[in-house]
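This report covers selected features of one chain. Please have the sequence and the structure open while reading.

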Amino acid sequence: AILRGEARKVLGWSAELASERVSLSATDGVHPELGYRTRVRMAWRVDPSGRVELGYRARRSDRLVDVPGCPVADPGIEAALPEVRAALGARARGEGEVLLVAGAEGVACIVTPARGAPWTLGPERVTIAAGELRLSVTPRAFLQANTAVTADLAAAVGVAAREVLPEGGHAVELFAGVGTLTVPLLHAGLSVT
């Protein structure tokens with residue numbers, strides 16, 4: 001609904017056109033409501049004895065809710081959580097956050113303590129496949145967490161660019177994440193800043 005609203009506002013599409021062109025779809029048999037997040041930010045705390053809490057902050061609170069897993073996280077992230085817990089227990093004390101991103105090469109993870117230097121687990125970069133897009137990202141990269149939505153967004157931008165902008169024209173890409181919008185603009189024949 002949000003993406004359709006943005007398409008209506010920014011591109012001037014009618015509600016019918018936005019509904020026709022923007023949809024959430026399941027890919028590779030994955031239910032669109034479960035296992036879709038390829039990027040997850042979690043909080044952690046390790047007490048002096050090495051006991052690890054890893055999870056999310058309670059709504060409107062700083063209270064950490066320890067969770068054994070996350071059903072909306074990509075299965076690769078779910079599988080990596082025991083390794084993350086073990087590494088936190090062995091290497092960390094205090095609290096901080098962990099960013100995980102799942103891709104073709106596995107799960108890249110950066111652990112950022114509230115005090116001290118960040119450290120990594122897994123590959124430094126992974127490749128995210130979203131429709132025709134192949135994006136090489138680090139855990140700190142700004143990207144959509146849902147590859148089905150990313151693919152739909154990129155496709156919609158490509159279609160709109162071909163309809164609205166002349167081939168060989170110029171676009172200024174202000175979103176400037178990892179290429180989600182830049183790549184389809186380039187494929188539409190535009191130069192992009």
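## Ala-108 in strand β5

Leaving aside residues up to four places away in sequence, Ala-108 touches Leu-99, Leu-100, Val-101, Leu-121, Pro-123, Glu-124, Val-126 and Pro-139; contact means heavy atoms within 4.5 Å. Ala-108 lies in strand β5, residues 106-113. Helices (H or I, at least four residues) and strands (E, at least two) are DSSP runs, numbered from the N terminus.

Ala-108 counts as buried because its relative accessibility is 0%. Buried means under 20% relative accessible area, exposed over 50%, and partly exposed in between (1.4 Å probe, protein chains only). The C-alpha atoms of Ala-108 and Val-172 are separated by 30 Å, and these residues are 64 apart along the chain.

## Basis of the model

This is a predicted model, in which local features need pLDDT of at least 70 and side-chain atom pairs count only at pLDDT 80 or more, while totals for chains, interfaces and linings use all residues. Residues are numbered from 1 along each chain as its sequence is written, and side-chain values use heavy atoms, with hydrogens and water left out.

## The β7-β8 hairpin

Strand β7 (residues 126-130) pairs with β8 in the antiparallel sense over five bridges; pairing requires at least two DSSP bridges between two strands. Two residues separate β7 and β8 in this hairpin, and Gly-131 in the turn has a positive phi of about 65 degrees.

Ser-136 is the bridge partner of Thr-127.

## Thr-150 in helix α4

Thr-150 belongs to helix α4, residues 147-164. Its relative accessibility is 4%, so Thr-150 counts as buried. Not counting residues up to four places away in sequence, Thr-150 touches Ala-130, Leu-133, Gln-144 and Thr-180.
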